[in-house]
Amino acid sequence: MRKKRSAAAMSSQLIIRPIRRYFWLFLLPVVLAFIIGFVWPFIHGIYLSFCQFTTTSDASLTNSDGILIGLSNYLKALSDPTFVHAFWFTALFAIVSLILINILAFTVAYLLTQNIKGTNLFRTVFFMPNLIGGIVLGYIWSMIFDGILINFGTSIIMNTHLGFWGLMILMLWQQIGYMMIIYIAGLQAVPEDIIEASRIDGATKMQTLFKVTIPNVMPSITICTFLSLTNGFKLFDQNLALTGGEPTIFSFTPVYSAVKSTEMLALNIYNTFYGQGAGARGTAQAKAVLFFILVAVIGIIQLRATRNKEVQQ
């Protein structure tokens with residue numbers, strides 16, 4: 001037995017030793033891909049936010065008059081009424097979708113872990129919308145909504161409230177199934193002995209749910225709230241396909257402005273970059289940097305807030 005163990009130990013050492021010596025060869029391709037695909041574009045994007053440019057190859061830190069641009073792109077972005085409106089619209093959308101997605105996804109997951117017949121079929125059906133691309137979903141739901149709203153003499157792109165709730169329904173339909181899978185995994189990981197102990201102590205189903213089950217599912221809640229919150233802020237393709245930011249609200253005081261009432265932050269950056277000419281591309285890049293900072297800060301705050309409530313099993 002000792003000879004067998006020593007032989008196994010020797011063979012494992014022979015395998016591990018070259019891996020430890022040449023691990024950087026295995027790590028290098030991944031690191032290079034990360035630097036080329038993320039780190040360098042991110043740094044270059046920050047640089048472009050201080051520039052005026054038509055293409056990235058002709059970026060200049062000074063304008064046509066030779067004046068240093070500095071923070072002027074950021075000041076233009078923060079004073080742009082379309083960007084400010086898009087921020088508040090996106091924030092409202094992200095908060096409402098965060099609440100509705102997680103409540104509905106948890107409810108569905110809880111019901112599907114109660115030994116209901118056809119559970120696997122229901123899981124598949126609820127998850128399937130997540131497999132469809134956002135652009136396709138946007139056009140499908142646009143036809144569905146307009147087919148209904150035409151009977152009332154209106155359209156999804158003619159009313160801000162209809163556009164908001166149309167985007168919300170689309171988001172819920174797409175995201176609930178995905179979050180449901182995460183919640184099901186969390187619910188199935190709750191120790192049965194804890195639930196059984198609560199029943200023996202005379203706890204009702206609601207008491208068991210709120211006092212035992214939900215605290216033990218906090219890791220899943222952390223993941224789902226993070227994903228739904230960041231997805232709500234980053235929504236782009238569904239917004240582009242379903243409403244395109246319409247309807248447009250025109251204002252003539254104090255200055256003329258045309259604000260797309262259902263335009264979210266990602267779509268606003270896109271429209272600024274491609275729709276306002278080459279002179280606005282530096283401003284669009286500054287908006288993108290501000291957008292990144294906003295999503296990163298909100299995500300970190302949310303993760304810290306929910307992780308502090310997780311139960312150690």
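Me: Which residue does Glu 196 pair with in a salt bridge, and how far apart are the closest N and O atoms?
Reply: Glu 196 pairs with Arg 199, and the closest N and O atoms are 3.8 Å apart. A salt bridge here is a side-chain nitrogen of Lys or Arg within 4 Å of a carboxyl oxygen of Asp or Glu.

Me: Before I go on, what should I know about the model?
Reply: The model is predicted: local features need pLDDT of at least 70, side-chain atom pairs count only at pLDDT 80 or more, and totals for chains, interfaces and linings use all residues. Residues are numbered from 1 along each chain as its sequence is written, and side-chain values use heavy atoms, with hydrogens and water left out.

Me: OK, back to Glu 196 and Arg 199. Where do they sit?
Reply: Both are in helix 8 (residues 192–200). They are three residues apart, so about one helical turn separates them. Helices (H or I, at least four residues) and strands (E, at least two) are DSSP runs, numbered from the N terminus.

Me: Is Arg 199 buried or exposed?
Reply: Arg 199 is exposed, because its relative accessibility is 52%. Glu 196 has 39%, so it counts as partly exposed. The cut-offs are under 20% relative accessible area for buried and over 50% for exposed, with partly exposed in between (1.4 Å probe, protein chains only).

Me: How many salt bridges in the whole structure?
Reply: Three. One of them joins the side chains of Asp 80 and Lys 287, at 2.7 Å from N to O.

Me: Which parts does that pair tie together?
Reply: Asp 80 is in the loop between helix 3 (72–79) and helix 4 (81–111), while Lys 287 is in helix 13 (residues 281–307). The pair therefore links parts 207 residues apart in sequence.

Me: Are Asp 80 and Lys 287 buried or exposed?
Reply: Both are buried.

Me: And which residue does Glu 246 bridge to?
Reply: Lys 260, with 4.0 Å between the closest N and O atoms. Glu 246 lies in the loop between helix 11 (237–242) and strand 1 (248–251), and Lys 260 in strand 2 (residues 257–260), so this pair ties together parts 14 residues apart in sequence. Glu 246 is partly exposed, with a relative accessible area of 25%. Lys 260 counts as partly exposed too, at 26%.

Me: Backbone now. Is the peptide bond from Glu 246 to Pro 247 cis or trans?
Reply: That bond is cis, with omega near 5°. Pro 247 is in the loop between helix 11 and strand 1.

Me: What about phi at Asn 115?
Reply: Phi there is positive, about 60°, although Asn 115 is not a glycine.

Me: Why flag those two?
Reply: Most residues other than glycine have a negative phi, and most peptide bonds are trans.

Me: Where is Asn 115, and is it buried or exposed?
Reply: Asn 115 is in the loop between helix 4 and helix 5 (119–127). At 78% relative accessibility, Asn 115 is exposed.

Me: Last topic, helix 2. How many residues, and what span?
Reply: Helix 2 (residues 23–48) has 26 residues and reaches 36 Å from its first C-alpha to its last. That is close to the 38 Å expected at 1.5 Å a residue. The expected span is 1.5 Å times one less than the number of residues.

Me: Where does helix 2 bend?
Reply: At Ile 35, by about 40°. The bend is the angle between axes fitted to the seven residues ending at a residue and the seven starting there.
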